[in-house]
Amino acid sequence: MIASPFAAEDRPRSHHGEYKVPGGKLVVVDFDVVDGLLADVSVSGDFFLEPDEALPAINRALTGLPESTTAAELSAAVTAWLPPGAVLFGFSADAVSVTVRRALAKATAWTDHHWNIIAPAVLPTHINVALDEVLTEEVGAGRRNPTLRFWDWEEPSVVIGSFQSFRNELDPDGVARHGISVVRRISGGGAMFMEAGNCITYSLYLPQTLVDGISFADSYAFLDAWVMAALEKIGVTAFYVPLNDIATDQGKIGGAAQKRLANGGMLHHVTMSYDIDADKMVEVLRIGKEKLSDKGTRSAKKRVDPLRRQTGLARTEIIGAMMEVFSERYAATPSELTAAELSAARDRVTTKFGAEDWLHRVP
């Protein structure tokens with residue numbers, strides 16, 4: 001009889017999960033499930049961890065937990081078992097939690113999904129905002145693949161965040177003078193000043209399983225890692241400034257917002273400045289001193305540094321680079337809006353996004 005090359009503790013486990021921490025290291029976990037409990041847990045990876053005994057402590061923390069343990073409970077268990085003064089570098093208790101959930105197929109990875117891309121098509125801003133709600137619902141219900149959609153529009157617009165005050169954010173004289181269409185979206189965050197061709201806006205519609213166990217704050221950088229790679233490809237080194245600003249060493253270039261629906265769908269929405277008219281922007285938006293107090297500048301105009309100046313590229317070239325990187329990373333295929341989705345969005349404009357009670361729900 002030939003002996004097994006595996007020692008008992010080295011044999012393959014029935015469950016295997018991997019998670020690459022954005023900007024960090026790879027975490028791997030292997031374990032069995034016996035009578036509904038995690039067994040023989042082995043965490044590994046290219047991370048750094050001190051002291052050495054912290055690794056077996058993490059394995060002990062996870063061993064014996066029910067497979068139904070939530071992401072938050074997994075993180076808490078790992079943290080509770082860590083020895084005093086333990087240092088986790090390149091990963092975290094939350095990262096271990098995500099990896100376990102992936103191994104249990106309760107959390108998903110990008111490659112677990114068939115992704116679609118919808119190229120820019122000129123639509124009224126109200127329709128673009130309504131589509132964000134409709135397509136997020138469709139992905140959550142499993143009727144549409146997870147999708148990346150780029151916006152396009154013609155009319156000058158301001159899209160305010162779900163919880164922003166209409167009167168506090170907008171200067172009525174500037175809105176009237178410049179013929180601005182004002183729309184309220186379903187995601188939080190700040191106001192977006194949008195003229196035809198002046199910014200790059202996209203929406204990701206995804207299942208929440210993709211960010212299972214990832215903190216709300218960390219999910220922003222996680223969902224935009226492909227964007228940072230696309231910007232790097234065109235010569236722009238960008239980074240996240242917590243919570244939701246995207247910046248370079250020359251200034252802010254964009255911001256993100258999110259909304260999670262009860263049916264499991266999630267919207268992640270980003271607008272980046274391409275060639276913004278900063279003078280007009282400050283005539284339309286009320287940007288107060290308090291909002292700027294933690295930004296290191298007194299001028300709202302200095303906060304936004306358009307991509308056109310930094311790259312010298314046409315807006316279509318930048319969008320093309322983004323679509324190319326996303327397609328290469330996630331094997332995404334082209335898609336189009338269906339007649340049913342467009343019809344649903346038009347109905348939603350009538351009943352919600354074009355209605356005064358929605359627009360002024362926060363006066």
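## Cavity

About 30 Å³ of space lies in the largest cavity. The model is a predicted one. Searching the whole structure turns up one cavity of 30 Å³ or more.

Which residues line the largest cavity? The lining consists of Ile118, Ala119, Pro120, Ala121, Leu123, Arg149, Phe150 and Leu337. Leu123 also belongs to a core of 25 residues, described below.

## Nonpolar cores

The largest nonpolar core contains 66 residues. Leu62, Trp110, Trp226, Leu231, Met322 and Phe326 have the most contacts inside it. Helix 13, residues 315-330, supplies the largest share of this core, with seven residues.

A second core is separate and has 25 residues. Among them are Leu123, Ile186, Tyr205 and Trp358. In soluble globular proteins, nonpolar side chains tend to be buried together.

## Helix 1 and leucine 62

Helix 1 spans residues 54-62. Which of its residues are buried? They are Ala54, Ala57, Ile58, Asn59, Ala61 and Leu62. Their cover includes strand 3, strand 4 (48-50), helix 2 (71-81) and helix 3 (93-103). Glycine 64 follows helix 1 and has a positive phi, near 95°.

Leucine 62 is one of the residues with the most contacts inside the largest core. What does leucine 62 touch, leaving aside neighbours within four places in sequence? Its contacts are Leu38, Val41, Val43, Leu74, Val78, Val96 and Val100.

Three strands make an open sheet, ordered 1-2-3, with antiparallel pairing. Why is one side of strand 1 and of strand 3 left without a neighbour in the sheet? Strand 1 (15-20) and strand 3 stand at the edges and each has a single partner strand, so one side of each has no neighbour there. From one strand to the next, the twist averages 20°.

Strands of a sheet pair through backbone hydrogen bonds, either parallel or antiparallel. Here, six bridges join strand 1 to strand 2, and the two run antiparallel. Glutamate 18 has valine 28 in strand 2 as its bridge partner.

## The hairpin

Strand 2 covers residues 26-34 and strand 3 covers residues 37-45. How many bridges join these antiparallel strands? There are seven. Valine 34 has leucine 37 in strand 3 as its bridge partner.

Two residues lie between strand 2 and strand 3, which form a hairpin. Aspartate 35 sits in the turn and has a positive phi of about 55°.

Conventions: Residues numbered from 1 in each chain as written. Predicted model: local features only at pLDDT ≥ 70, side-chain atom pairs only at ≥ 80, totals over all residues. Heavy atoms only, no water. Pairing = 2+ DSSP bridges. Helix = DSSP H or I, 4+ residues; strand = E, 2+ residues; numbered from the N terminus. Axes fitted to C-alpha atoms, helices over the stretch in contact; angles between N-to-C directions. Core = buried A, V, L, I, M, F, W, Y, C linked by side-chain atoms within 4.5 Å. Buried < 20%, exposed > 50% of the residue type's maximum accessible area, 1.4 Å probe, protein only. Contact = heavy atoms within 4.5 Å. 1 Å grid on protein atoms, 1.4 Å probe; cavity = no way out; pocket = protein on both sides within 12 Å on 5 of 7 lines; lining within 4 Å. Points joined across faces, edges and corners; volume = space filled by probe spheres on them.
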